Structure formats: C-alpha cells, structure tokens
Amino acid sequence: MSATANNVIATGTSSGLGFEAIKQLLEKSEPYNFILGARDIRKAQAAFDELKYDTSRHTISLLPVDFADLRSVQLFAQQALATLGDRKLDLLFLCAGMVAPAEGPGPHGSQWCAPYVVNHLSQHYLVHQLRETLAACKSRIVVVSSGAIRSVRNQDPRTLDVDLKANSGADRGVVYSASKFAQLLGAHYWRRELPGCTVLAVSPGLIPGTKLAGKDMGLTMDMPDAKTVPEGAQNLLRAWTISDFPADPEQIMLTSWGEWWPKEVYQLSLDTALQKKWCLGRDDIENTEGLSA
C-alpha cells in the first residue's frame with residue numbers, strides 16, 4: 001500500500017469522529033476518492049457540501065446503508081464495489097458505532113441487541129462481502145476500537161452470551177464494552193483470514209465532544225486525558241499511514257497517543273476459539289439472521 005490511501009470505503013463518517021477524519025483529509029492536497037455509507041444521504045450530503053472542498057481533487061460517493069439491517073449492508077457492499085469499479089481499494093475504514101442498552105427486540109428479528117449488530121456483526125458481515133476485493137488489493141483495514149474493550153463484565157467473555165442478546169436488560173456501558181470487545185475479536189479474525197492485508201484496531205481516546213460519547217456515555221472535557229474531536233480524528237488517521245509495525249503480528253492495536261498497546265491489555269481477545277465463535281462465516285450469518293430465506 002502507498003503512503004496515502006487514495007480509494008477508501010468507509011462507514012460511520014456522517015458525523016462525529018468519522019466525519020471529522022474525512023474533513024481533515026479533504027483539506028489535504030493528496031486526492032482521495034471516498035465511498036461512504038450513510039443512513040441519511042440528504043443530511044450527509046449537505047454536511048459535506050458545507051465543507052466546500054476541492055471537487056476537482058476529491059470525490060465523495062454517498063451510498064445508503066443502515067448498519068442495524070444486514071440486508072442494507074449487503075446492498076451497500078454491492079453498490080460500493082460497483083462504484084469502486086476497477087480501481088484499487090486502498091483502505092476500508094470501519095467507524096460506525098452505537099451506544100444503547102439492550103432493551104427491546106433485536107433489529108429486523110435478530111436475536112442480538114442493536115448495538116451488537118451495528119458495532120460488530122454488520123461490519124464483520126461487510127468485510128465478508130468485500131473479502132475478495134480486499135484480498136486482491138492487499139488493502140488496509142482500520143477498525144475504530146475503544147479502551148472500553150478492557151471492561152468486559154467480570155473480565156469473563158462468557159458474559160457476552162448474556163449481555164449482547166436482545167432484551168437482555170444490560171445497560172449501555174456493559175453493552176458497549178461487550179460489543180466493542182466482539183469487534184476486536186473480529187479484527188484479530190480478519191488479520192488471520194486476510195494475511196495479505198494490513199488489519200489495525202485504533203482507539204481515538206476519550207472524546208466527549210461526539211454525540212456517542214457526550215450525550216450517550218456522559219463524558220465531559222474536564223475528565224483526565226479528554227481530547228477534542230479534531231484530536232480524536234487525528235488519532236484515527238494515524239492508523240491509515242503508520243508503517244512501523246511491531247514484530248509480533250498479534251500486536252495490532254494502536255493507542256490514542258500513537259503507541260502500540262501491549263497485548264496484556266487485550267489478552268482476552270487473543271483466544272482464537274473465541275474469535276471463531278463471535279466471527280461467523282458469511283453463510284452462517286445469513287442463515288442465523290434470516291438473510292438466506
């Protein structure tokens with residue numbers, strides 16, 4: 001991969017850290033071709049239009065997607081590949097995220113709560129959809145993770161079986177930590193499944209200025225180590241170009257201060273049996289989520 005990722009497919013860039021990351025790249029002279037998934041196309045288009053970026057240098061293709069709906073993810077993948085055409089896919093940026101308690105039924109009949117579907121299952125399914133292209137292009141895959149992966153309830157991954165189910169009653173903090181832990185399992189899974197690709201997880205840090213962190217998680221700027229949204233986006237973008245990788249291939253998580261987190265921090269996620277359990281194959285996902293009917 002070149003020092004700069006020119007052709008990018010991205011999720012979760014309509015607002016917050018994802019939007020700020022794209023905004024910062026649109027200010028650069030290096031040209032980018034962005035294929036972005038958005039739940040509200042009109043709102044996202046208006047937000048990007050307000051940036052008045054150089055359209056002779058950069059392109060943005062907005063495609064509809066709802067990460068609570070795997071059928072929508074399936075269609076988004078098809079449209080994204082059609083939009084990409086014969087260009088090389090340099091980078092897949094997985095930034096979509098949701099914070100909510102596990103209350104009520106799962107989306108579209110899923111046995112799982114909505115935050116799990118959005119934060120892990122749908123984005124894992126998207127990688128399955130793009131797998132052949134990612135492998136052929138030797139793409140970089142950047143997964144936006146969180147320090148919350150350290151807070152799995154009781155430090156026992158078996159609690160995911162309970163907390164992530166639809167209507168489990170688990171509170172938003174428990175569900176967020178569990179779903180982001182499952183997402184990190186997915187990053188490890190794809191590092192092994194796509195050996196020609198570069199798979200990284202990255203933490204933006206404590207960013208109270210986003211809707212997800214401020215309104216939903218109650219974080220404030222007077223907390224120790226709190227960072228602004230632009231700073232958080234810069235932390236994420238570091239994972240797009242970093243090249244000084246650790247010798248240990250399991251050390252894939254980049255901290256918000258630009259260092260590689262020691263494996264002891266996320267030791268629970270290195271269990272390959274656990275990765276296999278929470279990272280189903282494409283056919284298994286489609287069967288269990290009712291997509292094959």
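Predicted model: local features only at pLDDT ≥ 70, side-chain atom pairs only at ≥ 80, totals over all residues.

**Entry 1: H4 and H6**

I started with helix H4, residues 114-137, and helix H6, residues 172-193. Their axes lie 7 Å apart, and the packing angle is about 15°. An angle under 35 degrees counts as roughly parallel, so I can call H4 and H6 roughly parallel to each other. The crossing of H4 past H6 is right-handed.

Which residues of H4 and H6 make the contact? On the H4 side I listed Pro115, Tyr116, Asn119, His120, Gln123, His124, Val127, His128 and Arg131. On the H6 side I listed Val175, Tyr176, Ser179, Lys180, Ala182, Gln183, Gly186, Tyr189, Trp190 and Glu193. Sorted by class, this contact holds 8 nonpolar, 8 polar and 3 charged residues.

**Entry 2: the cavity**

I then wrote down its lining: Leu94, Asn119, His120, Gln123, His124, Val127, Ile141, Val143, Gln183, Gly186, Ala187 and Trp190.

H4, H6 and strand E5 (140-144) each supply at least two residues. By class, I have the lining down as 6 nonpolar, 6 polar and no charged.

**Entry 3: H3 and H4**

H4 came up again, this time with helix H3, residues 70-84. Here the axes are 10 Å apart and the angle is about 35°. H3 also passes H4 in a right-handed crossing.

From H3, the contact uses Leu70, Val73, Gln74, Phe76, Ala77, Leu81 and Leu84. From H4, I noted Val117, Leu121, Ser122, Tyr125, Leu126, Gln129, Leu130 and Thr133. What is the class make-up here? I got 11 nonpolar, 4 polar and no charged residues.

**Entry 4: H1 and H8**

Helix H1 (residues 16-26) and helix H8 (residues 229-241) have axes that come within 8 Å and cross at roughly 70°. That angle makes H1 roughly perpendicular to H8.

H1 brings Gly16, Leu17, Glu20, Ala21, Ile22, Gln24 and Leu25 to the contact. H8 brings Val229, Pro230, Gly232, Ala233, Gln234, Leu236, Leu237 and Trp240. My class tally for H1 with H8 reads 10 nonpolar, 4 polar and 1 charged.

**Entry 5: a pocket**

Last, I checked the second largest pocket, with a volume of about 170 Å³. Its lining has 13 residues. Which of them lie nearest its centre? I found Arg191, Thr198, Val199, Pro249 and Ile252 there.

Strand E6, residues 198-202, gives the most to this lining, with 3 residues. The lining splits into 9 nonpolar, 2 polar and 2 charged.

Methods. Residues numbered from 1 in each chain as written. Heavy atoms only, no water. Axes fitted to C-alpha atoms, helices over the stretch in contact; angles between N-to-C directions. Helix = DSSP H or I, 4+ residues; strand = E, 2+ residues; numbered from the N terminus. Parallel < 35°, antiparallel > 145°, perpendicular 65-115°, else oblique. Left-handed = near helix turned anticlockwise from the far one by under 90°. Contact = heavy atoms within 4.5 Å. Nonpolar A, V, L, I, M, F, W, Y, C, P; charged D, E, K, R; others polar. 1 Å grid on protein atoms, 1.4 Å probe; cavity = no way out; pocket = protein on both sides within 12 Å on 5 of 7 lines; lining within 4 Å. Points joined across faces, edges and corners; volume = space filled by probe spheres on them.
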